[in-house]
Amino acid sequence: MHLRRATADDLEAIMAIERKPGFEEFVGRSSAGFHARVIVDPDYAYLVGLDDNGAIGGFAIIRDLTQAQGNTCLKRIAVAQPGRGFGKWLLASVIDWVFESTPTHRFWLDHIVTNTRARHVYERNGFVGEGVFRQAYVMPDGARIDLAVMSLLRPEWQARRSGSALP
């Protein structure tokens, strides 16, 4: 498996993943125009995870790379075939890429509060719950739902990588 920066040529595969049935309630999706605009924006990074056959098995969209305070956001992450372990590898690889390739101090994300599966995966990778954005997300049916906010700090990531206690 391999992680690399995505190009505009990868957008069709990325959009196919985010448009899989049922994903709209947990992953979200963006228009082709949005993807085309921000994949070249220096504030964003699109990363794709390639499976052992070289096919795109998942993707992540990172934003706020130029944010002065070092708060970088995981906007979206999704895999083509959930439940097979690829997502675990992809998230760990994305976290490493963010801290190895950028000056990020705080890597944060939000997720739908009812998505306990995602919360568990994020916690296993060191993310810590910070609070809730109340009624911050509009579901496809128009209902509003809360988003949980989580983050991982650079010293926490470094301690996890070295196997040492937190500073």
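**Note on strands, cores and a helix crossing**

1. Strand 1 (residues 2-5) and strand 2 run antiparallel and are joined by 4 bridges, where strands, like helices, are DSSP runs numbered from the N terminus (strands E, at least two residues; helices H or I, at least four), and two strands pair if DSSP finds at least two bridges between them. Within this pairing, Leu-3 stands opposite Gly-49 of strand 2.

2. This is a predicted model, in which local features need pLDDT of at least 70 and side-chain atom pairs count only at pLDDT 80 or more, while totals for chains, interfaces and linings use all residues. Residues are numbered from 1 along each chain as its sequence is written, and side-chain values use heavy atoms, with hydrogens and water left out.

3. Strand 2 is also joined to strand 3 (residues 56-63), by 7 bridges and again in antiparallel fashion, with Gly-49 opposite Gly-58. The two strands form a hairpin with 5 residues between them, and Gly-54 in the turn has a positive phi of about 85 degrees.

4. Strand 2 (residues 44-50) is largely enclosed by the rest of the structure, because 7 of its 7 residues are buried, that is, under 20% relative accessible area with a 1.4 Å probe, protein chains only. Both of its faces are covered, with Tyr-44, Tyr-46, Val-48 and Leu-50 on one side and Ala-45, Leu-47 and Gly-49 on the other.

5. The largest nonpolar core has 25 residues, and among those touching the most other members are Ile-62, Leu-74 and Phe-107; such a core is a set of buried Ala, Val, Leu, Ile, Met, Phe, Trp, Tyr and Cys residues joined through side-chain atoms within 4.5 Å. Helix 3 gives the largest share of this core, 8 residues. Leaving aside neighbours within four places in sequence, Leu-74 is in contact (heavy atoms within 4.5 Å) with residues including Ile-62, Leu-91, Val-94 and Phe-107. Apart from this core lies another, of 15 residues, among them Ile-17, Phe-34, Val-38 and Phe-59.

6. Helix 3 (residues 86-101) packs with helix 5 (residues 154-162) at an angle of about 115 degrees, their axes 11 Å apart; the axes are lines fitted to C-alpha atoms over the stretch in contact, and angles run from 0 to 180 degrees between N-to-C directions. The contact is made by Ile-95, Asp-96, Val-98, Phe-99 and Glu-100 of helix 3 and by Arg-154, Trp-157 and Arg-161 of helix 5.

Technical notes:
Buried means under 20% relative accessible area, exposed over 50%, partly exposed in between (1.4 Å probe, protein chains only).
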